[in-house]
Structures are given as structure tokens and as C-alpha cells.
Amino acid sequence: MLTFFRLTSICFSPFARVLAADGVQSAYTAPGSFPTSVYKSYWNDPTATSAQPQPVISDPATNTVFPAYLTDPASFPKNDTVDPHLLPFPLEPSQLLQQALSQIKSIISNPVLSKDTCAQCQASLAVAKMLVLAAPEQGALLAQALCVYFNYSTSCYDEYSNLAVGSVLTQVIALGDMGGYDGQLICHRVNLCPVPPTVPLNMTGWFATPKPNPLPAPKQPSGKRLKVLHISDIHIDPRYATGYEANCTAYLCCRENVWNAYSPNQVVLPAPRYGSFQCDTPISLMLAAMQAIPALTGTDGTGFNFSIFTGDLTAHDPDNQYSRAFVEQAQVVVYDLLKKYVGPAPVYATLGNHDTYVQHQMIPYYTGGPLGQQFNWLYDHVSALWYQEGWLPQASVEFARTHYAAYSVKRADGLRIISLDTNMWYQLNYFSYVNATEPDPFGILRFLTDELQAAEDAGERAWVIGHVNSGWDGTQSQMNPTNFFYQIVDRYSPHVIANIFYGHTHEDEFSIFYADNATIMSAETAQTVSWMAPSLTPLTNLNSGFRMYEIDSATFDVLDAYTWISRVDEYPLLDNQTEVGPTYFLEYNTREAYGRNILWDASAPLNATWWHLVTEDMEKNTSLLQTFNKYQSKSSVQAAACTTTQCLAAKICYMRSGSASIAYQNCEQGYGSTQ
């Protein structure tokens, strides 16, 4: 019951004292009891004051009574399963494609996102991911449609169909995190996102033992020199068509199916018999080089002590002109010619980005099933050829078959050679964009670390060979795996790793690795160097070349290097006659060309310290840097000059960048190539 005080407060509130008009009451107090006569019946006692009345409600339209539990405060129903909850009808795969395309067009045209190309790109990739997960056969069709919509190419089908790279892109989008780091990295590749930061490394437990301090005493030189051939990027072209267009509009020139758009009915520049600047290596040039190598290097009749081939056998055909058979045929031809002309000692080979089909691609085994095994045919084939040529022992071959054609071999002279499939970090390997925050998704860097640890434990020295460089200007390789690689090199240099060898760029370059992730770059902190060999192919705008190292037989350090080239601009003069073929000649001797101003013992190796001193000399002597730029192109008459302050500084920065992350962090982009 209300107290007298509360009743008084209600009756005499400010609202109750308002004067009312005639016939209008100023206040009304409802009865305290519920008017039970309103409803005929109740589920509970309507006179109780401890709960709300629950009247029985009938539906006159259906002549039914609504059940008590419908409004029971203690147990009313949830997650109704009786009434319909409609969903749109599923679409056919072709309709899904049209919806995805429409959504991507809306994302691109949305004014809210007009200034954020990164958001546009990643949102579009997220749409594409949903499409390929639901209807994977539509992935390549979406790529083709977007290619047409954005006018990206005039040959969208040839480039993005399932018979080209379309199936690969579909897999990558399905497997990757398109809304996260992976998607941003892909969008950066097409210049729509900033480059994502290098992921911090956790090296805890990675190395079996810490780096020795002090380092073991260096091996003493034997004074005996070995000769080692370094040949790279042969790119043999069995489809080369002499006399056809060598100045074509669309890749690859010197073929019967290409022409110059400005003169489609008449050849502008007939392809010379031995090659041209926009073409790959005809078999005539390949054989000319093979004949020249033993004659020029003093190995005629004896052969080299061993050779290294840092990849790329096949021509630069468009994806839709590639096949497994085309790759396998090139492997057989090139390996047989190397065995015939530079043997009988082993040629230690590695895979290049053009040595597979689809070219550039390499997928981690962990993806499982047919996807994870789709390149096993390649690893089976090349490892079998390496064994048949007598280049690798059975144990190395068996390992290569199941580890992306990577292998390690310990030579009788004590050198351990470790070959890596560096497509693992190549930017055109689209699978390198999947799980991109993981620095070793392929497990190859685990293999490398274990091999280097075994070499350290045994007191051995090692060479690491691969195709795609880990550093230079940062445009070829992914940052996270090359950053990880750099730390591994730091751990095992200079006492284990004697040298690193690459190819790929077709140009003559080098990069220095320093201690502590290159926080201080000096002669004292320089630890090892990577040599990037000139290519045999003239593509693009280069001369043809190869290199020989003289190395110490105990330390396996490079004591000198010789580079020979052939002038491609002279090849048209060799047509229509059989008296003479191309001339290869010594372009330069490395020690003599770069070391004249360096105080360095004549018998000391051309190691990382020496190369750092070379870069210091280049900073003071721009003419030496101009010499480097000349040799970078193999003295090509087509080479781009490097004369600005920015270009000269950038080149030195690239020389001091052993990883893509260091190059991105330190160097101005745009000056990496002379092509």
C-alpha cells in the first residue's frame, strides 16, 4: 500500500496544480487493480502484482489461440525454426562471374574509394577470392574480363586463359589472404599499394649453435688454381627463324609469328643467323659459344675442374606457347651440349624461372594433393638428367626429386655446393604471394641452414648457387625470404660460405653481404659476395657472354675472374657466308679492371672486403663506375648510360644490398638495369 506521503506527493505534484480548461480534467489516477474484464481468460492470475498479466489471445483470422509459451517471460521461444527464412537462389557459375565483375567495377567506380587504389585493389581481390572458391573454373575468365575492362593488354586470352597463367592466378587467389598481407603484396606488384613492411624475424632456435666467436682460423691457400666456368641464362630458342622480324612489336622476336606493327607486311630488321638484341639464343650462337669456351679458357682437351650453370634454359616465349615438352626438350639439348663441350667434370646446375611450366611458378608442398605436386614432373626430369650426365651422385638426385630440385653435394676436393631453387622468392612466382608473412614456406632455407651447419661442423667451405638474386635493386625478389636468407648468410660467413652465385638479370653485377644486417657497411663488416653472371642470350639489348673463375683449390675463394663477350651488333655481317662465325673475346679481367687503385696482395682473393673497397673507389672515381656500367651490359652498344648523380649513387647502393629488403630500405629505384 502506498504511504500517505507518496499519495500526497502524487496528488499535489506541479502537474496536478496546472489549471484545466472547462470540461477538461487536469489529472486522473488509474485504479490499482488490473481491469480483468478486458480479456475473457488469462494464462496466469491477472490480479497478482508480482507478474504481468498474460491474457489468452485468439486470432480471428485463423481461429487459433496463440500458445502461452509465445509470451512466457521465463521461456519464450528463440531461434524460430517454423517460419520461413528465405535466401536468394544460388547462381550458376557464369552468373557468379558476372556478379563478381560487376562488384569489382562498382568498387573501382566508388567515389569514396577513388583516392585509395590500395583499398580498391584489395577489395577487388576479396571479391575474386569468393568467386574462385565457389567456382574455380571462372577464375581465368574473370582475369580475362578484367584485362579487357582495364585495357591491360591486347592479348588477354593468350595471357590469362587457363592455358596460360589463368589457372595459377586462380590458385593463388584461392590460397592467399587477399584482405591482408598477401593481397597488399600482390597489389604492390601492380603499383596499387605501398610495399608492405618486412616482417620481423624470430630466429630463436633456428640455428643449432651460435656463430663461433672467435671464428675458426681461415683455411690456408694451397697456391693451386682451379678453373671453373660460370654460364647462365642460355635461353636457347629452337623456334628461332632466321630472316624474320628481329624488331617486332610483341614478344618474342625472330619468330615467324611476329611482326613490326608499323610494317606488318614487310620485315624491318631481318633476324641474323646468330642472333639479335631482341631475340633469344639460336642454336647457331649456342654452338659458337660452346666451341669458343674451351679455346678461350685454356681447357681444350682437359675441361674445367667443374662448372656452374645458374639457370634459364628456355626461350622467353609467352605463357600460351610454353609446355612441359618444350621445357624438357630444352633441358636435354642444353645439358647435353654442356656435357659435350665443358666436361667431363660435373656441371652443377640450378633451376631458373624459365625452366618450368607454367614459367616462373613453384608451389609449396604443404598445399597438398594435386596442387602441391603439380611441378613434381619437373623435379623428376631434371634430377634424372643430372644423374645421367654424371653430375650428381644418387643421394643428391633423390633429395632433389622431392625438394624442388634443390640439392647439396660434397666434392672430393672438400667443397660443398648447395643449389637452391630461388623461384621461392621470385616476384613473378605468384605462389610466393601466398602465406607471404612466413619467410620459409617452402622449407628450402631450413635445408640451406642445415647444410651450412653440417659444413661448419666438418670444417668445410661452401658455395651457394641459385638463379634469381636475393638483392641488387630489390625489384626481383620478395623481401621476407631474402631478409631471412641474409641472416643465414651472416651466420655462416665468411668462414663457411666462400661465394654465392646467381644469374637471371642477364647483366654482369654483384652484391655484398655485411654483418648485422648491413647496419654498418665497411671493409671490416663485409662478409661474402654474390656474383651475378652475364647471360649467353643477347636479350635484351645486350651482348652474349660467359665467365671463368680461377679459384684456390683449398679455400675455394675466387682469385680472379675473366669475362668473354661477343658483339651482337656485328652478327648481321655474318649472314650469307660460312667462312667465319661470331667472335668471342676477353672483355675484362676482374682484378685488373676494378682493383688498380686498391692496396691488395696479388695472391689475395677477390672477396667481400675487396669488393667493398672497389665500391669505395667508385664513390671517389666516377669513371670506374662508368666502367662498371659498361661491363654490366657486356659492352653493348644498346646499353643505357648512367651519368646522373642519382644513378651513380643508386648503383653503389645496389652493390651493397644483399637482400631485397635492404635495397628497398636504402636505395633509390629505377637504375638497376642497362637494358
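I began with the largest cavity, which is lined by 21 residues. Leu185, Ser432, Gln478, Met479 and Pro481 lie nearest its centre. A cavity here is a set of points, on a 1 Å grid over the protein atoms alone, where a 1.4 Å probe fits but cannot get out; lining residues have an atom within 4 Å of a point.

I noted the source: this is a predicted model, where local features need pLDDT of at least 70 and side-chain atom pairs count only at pLDDT 80 or more, while totals for chains, interfaces and linings use all residues. Residues are numbered from 1 along each chain as its sequence is written, and side-chain values use heavy atoms, without hydrogens and water.

I looked up the volume of the largest cavity: about 190 Å³. A volume is the space filled by probe spheres set on the points, which are joined across faces, edges and corners.

Where does the largest cavity lie? It lies between domain 1 (93-190) and domain 2 (225-666), because both give residues to its lining. The domain bounds come from an automatic or database domain assignment.

I then checked the helices (DSSP runs of H or I, at least four residues, numbered from the N terminus). Helix 7 (181-189) and helix 14 (479-491) each supply at least two lining residues. Helix 7 gives the largest share, four residues.

I turned to the second largest cavity, with a volume of about 50 Å³. Its lining includes Asp508, Trp531, Arg547 and Phe628.

Definitions and conventions:
On a 1 Å grid over the protein atoms alone, a cavity is a set of points where a 1.4 Å probe fits but cannot get out, and a pocket is an open set with protein on both sides within 12 Å along at least five of seven lines; lining residues have an atom within 4 Å of a point.
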